[in-house]
Amino acid sequence: MDEVTSTETSPSSNQEVPNDESSLWQYVTKVEKPAGASVKSGENTYFKCNYCGVVYMGSYSRVKAHLLKIPNKGIKPCPKVTPSHRLEMQQMYDKVENDKLERERRSQIPLPPPPPSRGPIPISQFRRHERSDSTNPIDGKRRKVAVNNTLEKAYQNNARHELDSTIARMFYTAGLPFNFARNPYYRNSYAYAATHSIPGYVPPGYNALRTTLLQKERAHVEGLLKPIKDFWLENGVSIVSDGWSDPQRRPLINIMAVLDGGPVFIKAIDGSGEFKDKYYIAGVLKDAVKEIGHEKVVQVITDNASVMKAAGSLIETKNTEKNEVTYEKCSWITRIGDDASFIRVFIMNHSMRLAMFNEFCPLKLLQVADTRFASVVVMLKRLKLIKRCLQAMAISDQWASYREDDVGKAQKVKDLILSDLWWDNVDYILEFTAPIYDMLRMADTDKPCLHLMYEMWDSMIEKVKTVIYRHEGLADDQHCLFWSVVYDILIDRWTKNCTPLHCLAHSLNPKYYSIEWLSENPKRVAPHRDYEISMERSKCLDRYFEDGNELSVVKFEFAAFSGGRFPSPAALTDRWILQPLVWWQYHGTLFPTLQTLALKLLGQPCSSSCAKRNWSTYKFIHSLKRNKMAPARADDLVYVHSNLRLLSRRNEEYIHTATKMWDIGGDSWNESDIHGGAGILESATLTLDEPELEAIVIGNVSTSATTSESEVRSEVRSESIDFDDEDVGI
């Protein structure tokens, strides 16, 4: 307690003049700082109580506590204040506070009034009918009023309504999406406040949210992630990196760690002022490996787009003739894609044509940026889905009678829509690209698929060949120039992407040694009999095991594993039945060194897509409205946001409670969307961020070219996808 005994009375001019906000100042007198007293900052001052004559140091809150004898406030209650004086000061203080609240109430926009006789329990029609049969209507009315008053008092209906209105106003004024109402942390915060009496509680303010609370939450999330990170030592982890520029054009490098449990955001590095050459990027990745632990890192996945462009320029200068053949055989695909884009742009850029389209079609046209994943395929898929609607629109009287826009372009759009040959080409493109699209979609996740990639590429190439040869009407032994061009493109891409790690992971998949898998296709051979796989596997093992003795042990173990020399017959049959990771966990003790390697490889992804998707989170947090945010604070927010989502998705409540998938759906959320609608895709950009849900949603929204318009309308009732170039996730 800061108490100073005064031997000198201050002049009357130091008397504090009371005001509407601090009426109790008139009962104390401000004094000069006594000799030897400490210097205090802020609103603190020295004052002498007019009753007891003791000098204290403090602000108005301490004056109030002293005079009104409020305990536990760090100042002694005044012993000279009589009960009558205390009551007088209390009434004065209460009047000031009530006036302050009244002024605040008058300055606020009033909330909607509560509805009359708002009860907590709705009364069924049957109960209403029973009450209407009462022989004494007056007594029944009195009983009803009494019951309603009791229920309203017990349930505090007016207070509930006012709180609902206040929360709703917060949503409306802050522009919060309605989907935020499903956020479990939002719901839990109000539930906690309702079940715990915290008088005088004030929500955290601007500074607390952006500093101390944010740092505490980050430290807590790091602790929650520790069990996941401890798992990396045994099963390994992949480092995924990608680059991005924030709204202030500062270059950022994203570092994430990915395993079967999901992507963990590590950090985002601000590369401002750095020359981002290969040496700088290598240093960044080395630091990330060092931070995670080199013994835990299996592979590093990066976006090599700029490197691939430079390599493409060299290939163009050396293979001009090959490129001319490729263009000649594939240019028709470009023309079909351009035609589809022409149809979409013409309809969307002319308001009357767009109104006609909306009248005939329940779905919307997709606007997909060229840089997005499979943009042409996605656009053609949508056109095929609404083919009958487009044709009905093109032959309608409205289309023919409206001539206010470019008639020539309108006729071209009509000719394309009604052309069977054009639609045949669309079907052909979608048919032979379907295996490529499906394979890339499966690989473009953070799920463990490194051990599946080699087989997925082989199977995809065979499926594409089958579709092209069937369409061309050729036998397998005949030559097809178009297939040769497509094959060269696929092989070139696979050659650039394939690494020895793919081949080693493929070799450690027990399924590829089973009789069932080998008998599905006579061209298949076990991995240890494939020359290319064996050579790449040997390179990887030689590099991984630097000790010659360990390398010899691994070679003997792999020979026993690939030869099927197991003491238990179940190990042979389980190669086809069990998942690869489960097989190694159950039967792998026979090959301990190889088991350790297999458990690390079979849980790794093969794509940097999670790092790319994280930029949407970064853009959401570091937006144009928050463009002054420092990179360090944005990094903390992204770290907490991303990793809390990861931890939330590991709980059962994420799937089965009222807050299910709270971080995905948009304002048009509806449980039926999961089972058949496409409304869930509207604001979630789900086509890359949530491939599993997209498989559920879009997979159910597939119709053939012969589907009628009514069937399409019944198939998809909810509002469908309408992506902008900057927001689309495909």
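Leu-163 sits in helix α5, which spans residues 157–174. Helices here are DSSP runs of H or I with at least four residues, strands are runs of E with at least two, and both are numbered from the N terminus. This is a predicted model, in which local features need pLDDT of at least 70, side-chain atom pairs count only at pLDDT 80 or more, and totals for chains, interfaces and linings use all residues. Residues are numbered from 1 along each chain as its sequence is written, and side-chain values use heavy atoms, leaving out hydrogens and water.

Leu-163 is partly exposed, at 45% relative accessible area. The scale runs as follows: buried is under 20% relative accessible area, exposed is over 50%, and partly exposed lies in between (1.4 Å probe, protein chains only). Leu-163, Met-170 and Tyr-190 make a nonpolar surface patch of about 250 Å². Patch residues have over 30% relative accessible area and no salt bridge; like charges are joined within 9 Å, and nonpolar side chains (Val, Leu, Ile, Met, Phe, Trp, Tyr) within 5 Å. Accessible areas come from the Shrake-Rupley method with a 1.4 Å probe, and for residues only the protein chains shown count as cover.

The helix α5 has 18 residues and reaches 26 Å from first C-alpha to last, close to the 26 Å expected at 1.5 Å a residue. That expected span is 1.5 Å times one less than the number of residues. Which residues of α5 are buried? They are Asn-157, His-161, Ser-165, Ile-167, Ala-168 and Phe-171. Seen down the axis, the buried residues of α5 fall within an arc of 165°, so they line one face of the helix. The arc is taken from the directions from the helix axis to the C-beta atoms. Asn-158 and Thr-173 are exposed on the other side of α5. Gly-175 follows α5, with a positive phi near 70°.

**Salt bridges**

A salt bridge is a side-chain nitrogen of Lys or Arg within 4 Å of a carboxyl oxygen of Asp or Glu. How many salt bridges does this rule give? The count comes to 10. The table lists some of them.

| Pair | N to O distance |
|---|---|
| Glu-97 and Lys-100 | 3.4 Å |
| Arg-524 and Glu-455 | 3.3 Å |
| Glu-536 and Lys-539 | 3.3 Å |

Glu-97 and Lys-100 are 3 residues apart in helix α2 (residues 83–107), so about one helical turn separates them. Glu-97 is partly exposed at 23%, and Lys-100 is partly exposed at 22%. Glu-536 and Lys-539 also lie 3 residues apart, about one turn, in helix α22. Glu-536 is buried, at 19% relative accessibility.

The side chains of Arg-524 and Glu-455 also meet in a salt bridge. Arg-524 lies in the loop between α21 (515–519) and α22 (531–544), and Glu-455 in helix α18 (residues 453–472), so the pair ties together parts 69 residues apart in sequence. Arg-524 is partly exposed at 21%, whereas Glu-455 is buried at 11%. Glu-455, Glu-520 and Arg-524 are linked in a network of salt bridges.

**Across the chain**

Phe-265 is in strand β7 (residues 262–270) and is buried, at 0% relative accessibility. Phe-265 and His-641 are 376 residues apart in sequence, yet their C-alpha atoms are 9.4 Å apart. Pro-184 is in helix α6 (residues 184–195).

The protein chain has 33 helices and 8 strands. Of its 730 residues, 40% count as buried.
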